[in-house]
Amino acid sequence: MSKIKIAELFYSIQGEGRYMGVPSVFLRTFGCNFKCAGFGMSKGEASQEVEAIAARIHEFTKYEELPLVSTGCDSYASWDPRFKDLSPMLTSDAIAERIMEILPFNKWQDEHLVITGGEPLLGWQRAYPDLLDHPAMKSLREITFETNGTQKLTPEFKEYLIKWGLKERGYHKLTFSVSAKLSCSGEERHEAIRPDIIREYEEVGYTYLKFVIATEADAEEALETLDIYRAEGFGGPCYLMPVGGVESVYTLNNRRVAELAMKNGLRYSDRLQVPLFKNEWGT
Ligand code: SF4
């Protein structure tokens, strides 16, 4: 039976993108190919907040106890190896059982499944079919992969997803929410911007881009980057979403980013988990 290293598994409201407001189960896998040493820090700088948390790692036994950070990647513990012991390796049976426990009526109704990270399309692609074929997942109708858009689908997983999408559920029930990283993330552009990869996602499911931004310069970069994706044939929608893993940063940015989205004819994505739940772990 397949196993997945799970950083978090929780029930909440999707705060971002296409399914904003939809009750959702979040399966946060462990591991990421990026570090995003940007987002409010000089490029490449280690987050002093994360360093301070890592220095007292022995004090934390679960995600809910971890402090939030205002700079860098807000889900740092889902990929930083120093936090790996907080993420158990669970079998498909254990994951499916836990999902049934946290769903409000212990079965799938209108909830959707968000597979997120870290980067959920790393090696775990090989394990998802086992989980999605589990009897407890039979009435699940919609899935979103929240990805940074840099990971190719393996031929086996691509074939599986195409069948899953067609099987009783309709092709559009599968979504790829691609948060492509602009320079404010601190990642290298040639590694972060991969139109070839998301063209492949479009063959399999509904795919959109979501750029996390703060300033007018970020918005300009988002537009230029969108042009690159469009030139390669990307046809899906594009969202602008404010930087802000903590409320003080989010509130500085949300209105400005909404206005930049309107000005440029793009969609605005909120991050509802911040005003609603302060972006605490498990929300
Ligand atoms: S790609 Fe996402 S999960 Fe990975 S480091 Fe960047 S913000 Fe964090």
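This is a predicted model: local features need pLDDT of at least 70, side-chain atom pairs count only at pLDDT 80 or more; totals for chains, interfaces and linings use all residues.
Trainee: What is the N to O distance where the side chains of glutamate 259 and arginine 255 meet?
Mentor: Their contact is a salt bridge, a term that asks for a side-chain nitrogen of Lys or Arg within 4 Å of a carboxyl oxygen of Asp or Glu. For glutamate 259 and arginine 255, the distance from N to O is 2.9 Å.

Trainee: Is arginine 255 buried or exposed?
Mentor: A residue is buried under 20% relative accessible area, exposed over 50% and partly exposed in between, with a 1.4 Å probe and protein chains only. Glutamate 259, at 37%, is partly exposed. Arginine 255 has a relative accessible area of 62%, so this residue is exposed.

Trainee: How many residues apart in sequence are the parts that lysine 210 and glutamate 16 tie together?
Mentor: Lysine 210 and glutamate 16 form a salt bridge whose closest N and O atoms are 2.7 Å apart. Lysine 210 lies in strand β7 (residues 206-213), while glutamate 16 lies in the loop between β1 (3-13) and β2 (23-29), so the separation of the parts they tie together, in residues, is 194.

Trainee: Which helix holds lysine 263, the partner of glutamate 216?
Mentor: Glutamate 216 and lysine 263 form a salt bridge, with the closest N and O atoms 2.8 Å apart. Glutamate 216 sits in helix α7 (residues 216-231), so the pair ties together parts 47 residues apart in sequence, the helix of lysine 263 being α8.

Trainee: How many salt bridges does a search of the whole structure find?
Mentor: Beyond the pairs above, Glu51, Asp80 and Arg82 are linked in a network of salt bridges. The search of the whole structure finds a total of 18.

Trainee: What is the angle between the planes of tyrosine 76 and phenylalanine 83?
Mentor: The structure holds 13 aromatic pairs, counted where rings of Phe, Tyr and Trp (its six-membered ring) have centres within 6.5 Å, with planes under 30 degrees apart called stacked, over 60 edge-to-face and the rest tilted. Tyrosine 76 and phenylalanine 83 make an edge-to-face pair, 5.3 Å centre to centre, with an angle between the planes of 70°.

Trainee: Which strand does phenylalanine 145 lie in?
Mentor: Tyrosine 128 and phenylalanine 145 form a tilted aromatic pair, 5.7 Å centre to centre and with 55° between the planes. Tyrosine 128 lies in helix α3 (residues 128-132), so the pair ties together parts 17 residues apart in sequence, and the strand of phenylalanine 145 (residues 143-147) is β5.

Trainee: How many of the 10 residues of helix α6 are buried?
Mentor: Helix α6 spans residues 195-204 and is mostly covered. Among its buried residues is Tyr201, which also belongs to one aromatic cluster with Tyr128, Phe145, Phe157, Tyr160 and Phe176. The number of buried residues in helix α6 is 7.

Trainee: About what omega belongs to the peptide bond that joins glycine 117 and glycine 118?
Mentor: Most residues other than glycine have a negative phi, and most peptide bonds are trans. Glycine 118 is found in the loop between β4 (112-116) and α3. The bond between glycine 117 and glycine 118 is cis, with omega about 20°.

Trainee: Near what value is phi of asparagine 106?
Mentor: Asparagine 106 has its place in the loop between α2 and β4, and at 47% relative accessibility it counts as partly exposed. Its phi is positive, in a residue other than glycine, and lies near 55°.

Notes:
Residues are numbered from 1 along each chain as its sequence is written. Side-chain values use heavy atoms; hydrogens and water are left out. Helices (H or I, at least four residues) and strands (E, at least two) are DSSP runs, numbered from the N terminus.
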